[in-house]
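Welcome! Please take a moment to look over the sequence and the 3D structure below, and then read on for a short tour.

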Amino acid sequence: MTEPFDILISGGGMAGAMLAHQLLQQGSLKVAVVEQQADASPSKSSFDSRSIALSEGSIRLLNRWGLWPLLASCASPIKTIAVSDKGHFGKTYLQSSDYQLDALGQVIEVEHIGTVLHQKLQPYEAQGRLVWFRPDAISAITPSSEVQQIELKSGLSVSCRLLVIAEGGVSPSRELAGFTLQSDDYGQTALIANIGLQQPHQGKAFERFTPTGPLALLPLTGQRYSLVWTLAPERAAELMQCDDADFLAALQAEAGYRAGVFHKAGQRALYPLTLRRASEAARHRVVLLGNSLHNLHPIAGQGFNLALRDIYSLVLLVQRVQATQSMPAQLGDYAFSRAYQKLREPDMQQLILYTDALVRLFSNSSRLVALGRNLGLSGLNNCKALKSQLAHFAMGLTPLQQIEQQLKQPGSAVPVRQTEGA
Ligand SMILES: Cc1cc2nc3c(=O)[nH]c(=O)nc-3n(C[C@H](O)[C@H](O)[C@H](O)COP(=O)(O)OP(=O)(O)OC[C@H]3O[C@@H](n4cnc5c(N)ncnc54)[C@H](O)[C@@H]3O)c2cc1C
């Protein structure tokens with residue numbers, strides 16, 4: 001019987017690999033990652049050609065974790081966000097200079113994050129502190145009071161103090177571990193592509209609400225936009241078939257000219273959109289992370305930002321437990337799991353409500369609803385306090401502060417124990 005791993009992560013994608021990196025910074029933890037894909041380089045399905053918007057809060061975390069200096073040159077700052085409703089009068093603008101910031105967020109192609117994480121994780125593999133099982137997947141989980149006994153499809157058998165499931169939205173281990181899932185198909189598909197521009201974008205991001213769903217253009221390096229276009233599945237399939245010229249003409253018609261003249265389209269890809277959320281964030285010696293916990297609509301560009309806060313919460317809890325004398329036993333025990341649940345629930349709940357309401361409000365073509373949301377957008381543009389609230393929400397600073405404050409209250413997040421001398 002080999003020694004149990006401290007933490008075993010199932011899924012080595014954006015959330016799982018980022019967590020592994022952070023955990024390995026914490027002293028002597030021994031970590032394993034089970035990944036279904038074979039390649040030794042970053043998981044192709046997770047670190048694909050997509051771009052994501054990282055909030056100011058996420059940039060601060062990545063900076064603290066020593067990763068942002070390696071990523072910054074591949075990212076493009078968002079200086080302004082223009083929100084409009086196609087064919088209606090409502091508009092609002094958010095500007096970084098109004099909040100004394102250089103940028104409201106940054107846009108980066110996820111493959112760059114994958115490359116940096118891959119480089120950073122390699123030395124830990126060489127030291128034997130990180131073990132990859134790939135291609136492999138969990139076939140059975142047997143919990144006991146001290147460890148999780150894990151059977152892998154390859155026939156290997158391993159154990160760990162804490163199992164972290166980070167397998168993305170469709171997660172077989174989540175079911176094996178007994179979590180239930182709420183799932184709501186939006187009946188929409190996101191079409192993504194990088195779009196070349198005739199003129200510089202000057203750091204402007206556009207979020208345009210159209211009758212089929214929202215269309216977002218995010219500023220990328222090299223005079224390009226990253227497009228996320230929400231469509232009915234049939235229309236998305238049609239747009240995948242047309243040539244670049246027809247595709248760009250259709251996009252220009254939908255987006256208008258305020259974002260500039262589009263002249264080049266990169267590879268297109270489709271993502272069917274479903275809201276998924278697990279009923280709990282944690283159970284005894286097992287926690288959910290990233291899309292396995294919450295799979296959001298990309299309208300607000302918040303899925304990975306939320307995952308980074310899952311990681312931050314988990315790492316802070318691990319640090320707390322490491323500071324006690326009974327670290328292995330406490331890792332993932334009842335108090336630990338409850339603390340993670342308490343840290344993640346409000347942030348996740350708020351973001352799901354907000355994102356879901358945005359999708360439904362702005363995908364509704366009823367005239368009355370359209371009038372209401374346009375009055376809302378105009379009102380927002382004229383009301384500094386409301387705009388500031390929206391900007392702070394987009395910047396993701398408040399939830400970070402909430403996590404830190406909650407952990408500062410002894411006994412509230414992690415119940416204080418006898419062993420801690422309390
Ligand atoms: C179109 C689009 C635009 C987006 N834009 C933004 C944005 O602007 N900002 C933002 O913050 N977020 C954005 N997101 C969300 C972001 O992409 C996700 O939050 C992020 O990919 C979640 O990472 P993850 O590691 O949890 O899941 P995934 O990326 O799905 O990775 C899961 C990993 O687990 C592996 N795996 C799966 N099953 C198993 C198994 N059984 N055993 C072992 N391994 C397994 C997979 O191979 C993969 O490596 C966007 C998403 C989409 C679709």
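In what order do the three strands S3, S7 and S4 form an open sheet? The order is S3-S7-S4, with antiparallel pairing. The edge strands, S3 (51-55) and S4 (76-78), each pair on one side only.

A word on the model: it is predicted, so local features need pLDDT of at least 70, side-chain atom pairs count only at pLDDT 80 or more, and totals for chains, interfaces and linings use all residues. Residues are numbered from 1 along each chain as its sequence is written.

Helices (H or I, at least four residues) and strands (E, at least two) are DSSP runs numbered from the N terminus, and two strands pair if DSSP finds at least two bridges between them.

| Strands | Bridges | Sense |
|---|---|---|
| S3 and S7 (residues 105-109) | five bridges | antiparallel |
| S12 (residues 181-197) and S15 | eight bridges | antiparallel |
| S14 (residues 213-220) and S15 | six bridges | antiparallel |

Now for strand S15 (residues 224-231): eight of its eight residues are buried, so S15 is largely enclosed by the rest of the structure. Buried means that 20 or more other C-beta atoms, placed from the backbone, lie within 10 Å of a residue's own; exposed means 12 or fewer, and partly exposed is in between. Trp229 of S15 has Leu191 opposite, while Val228 is the bridge partner of Ala216. In the hairpin of S14 and S15, Gly222 takes a positive phi near 70°.

Finally, helix H13 (residues 398-408) has Pro399, Leu400 and Ile403 as its buried residues. On the other side of H13, Gln401, Gln405 and Lys408 are exposed.
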